[in-house]
Amino acid sequence: MGGEVDEGGGRRRSLRIGDLIMHFISLFWKVLFSLVPPRFFCSGYPAFLISLIFIGILTAIVEQVASLLGCVWGIKKAVAGITLVAMGTSLPDTFASRSAAIHDDSADAAIGNVTGSNSVNVFLGLGLPWMLAVVWKMVDGKGEPFRVGTLYLEFSVILFVMVACLAILTLILRRVLVGGELGGSSIVKYSTGSICLTLWATYILVASLKAYDVLKIG
């Protein structure tokens, strides 16, 4: 409790109140994840598989809690999906990207973590359940086609593509003007962060207004 000590035995800094609070809040999870085998055991395969299981269980819990909060607060499912559920399932990616941005020499891991996790969500997270549902309908014997309708998906996807293009354009401009996708002066860093937060808030606001039929578009 007297402070953190690095691997070389040197004292780095004293623990702050926030560090102690976060330690006690996360103590249960630290004990739980201590069940994951060491990464050097059997070439790390058991650690990888058990970590995936823990992540899947926690993601399912977070999704259920977020859905329940949306139901209790009277939020439409379309809005709860892009706010509570999305934040609950994406915050781990945010912290992982932050850690990669701080410790890695390049921005590849930080940005690749976001694009990779979303690729898994779209192609595997949607494709696998749909495929299983179609196969189940085929072997069910009733001959009913598998159809799932949408209400605001087209508008939401088009809006997401638009703000995503603006985010990519921001990265391109950073490469040209600053010389890299991450880093730079404090003004550049805070400006880039503000632009990304504005794009996210704009997407949430416009999609929510459409879900509640305030915007008569499409």
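Reader: Where does S208 sit?
Author: Quick ground rules: this is a predicted model, where local features need pLDDT of at least 70, side-chain atom pairs count only at pLDDT 80 or more, and totals for chains, interfaces and linings use all residues. Residues are numbered from 1 along each chain as its sequence is written, and side-chain values use heavy atoms, with hydrogens and water left out. Helices are DSSP runs (H or I, at least four residues; strands are E, at least two), numbered from the N terminus. On that numbering, the place of S208 is in helix 8.

Reader: Is S208 buried or exposed?
Author: The cut-offs are under 20% relative accessible area for buried, over 50% for exposed, and partly exposed in between, using a 1.4 Å probe and protein chains only. S208 has a relative accessible area of 13%, so it counts as buried.

Reader: Which residues does S208 touch, not counting those up to four places away in sequence?
Author: Contact here means heavy atoms within 4.5 Å. Leaving out residues up to four places away in sequence, S208 touches V79 and I82.

Reader: And which helices do the buried residues of helix 8 pack against?
Author: The buried residues of helix 8 are T192, L199, Y203, I204, A207, S208, K210 and A211. One of them, I204, touches I82 and T83, again skipping residues up to four places away in sequence. The helices that this buried set packs against are helix 4 (77–103) and helix 7.

Reader: How many Å apart are the end C-alpha atoms of helix 8?
Author: The expected span of a helix is 1.5 Å times one less than its number of residues. Helix 8 has 26 residues and should therefore span 38 Å, which agrees with its end C-alpha atoms being apart by 37 Å.

Reader: How do helix 7 and helix 8 run relative to each other, roughly parallel or roughly antiparallel?
Author: Axes are lines fitted to C-alpha atoms, for helices over the stretch in contact, with angles from 0 to 180 degrees between N-to-C directions. The axes of helix 7 (residues 153–177) and helix 8 (residues 186–211) come within 10 Å and cross at roughly 170 degrees. Angles under 35 degrees count as roughly parallel, over 145 as roughly antiparallel, 65 to 115 as roughly perpendicular and the rest as oblique. That makes helix 7, relative to helix 8, roughly antiparallel.

Reader: How many nonpolar, polar and charged residues are in the contact of helix 7 with helix 8?
Author: On the helix 7 side you'll find F155, S156, L159, F160, V163, L166, A167, T170 and R174, and they meet V188, T192, I195, L199, Y203, V206, A207 and K210 in helix 8. Ala, Val, Leu, Ile, Met, Phe, Trp, Tyr, Cys and Pro count as nonpolar, Asp, Glu, Lys and Arg as charged, and the others, Gly among them, as polar. The residues of this contact split into 12 nonpolar, 3 polar and 2 charged.

Reader: Which residues does T170 touch, setting aside those up to four places away in sequence?
Author: T170 has its place in helix 7. With a relative accessible area of 13%, T170 is buried. Apart from residues up to four places away in sequence, T170 touches T192 and I195.

Reader: How far apart in space are V188 and L171, C-alpha to C-alpha?
Author: V188 lies in helix 8 and is partly exposed, with a relative accessible area of 24%. Beyond its neighbours within four places in sequence, V188 is in contact with R174, V178 and G183. V188 and L171 are 17 residues apart in sequence, and their C-alpha distance is 12 Å.

Reader: What is the phi of D213, roughly?
Author: D213 is in the segment after helix 8, and at 39% relative accessibility it counts as partly exposed. Although D213 is not a glycine, its phi is positive, at about 60 degrees.

Reader: Where is C42, the residue with a positive phi near 55 degrees?
Author: C42 is a residue other than glycine with a positive phi. At 47% relative accessibility, C42 counts as partly exposed. Its place is in the loop between helix 2 and helix 3.
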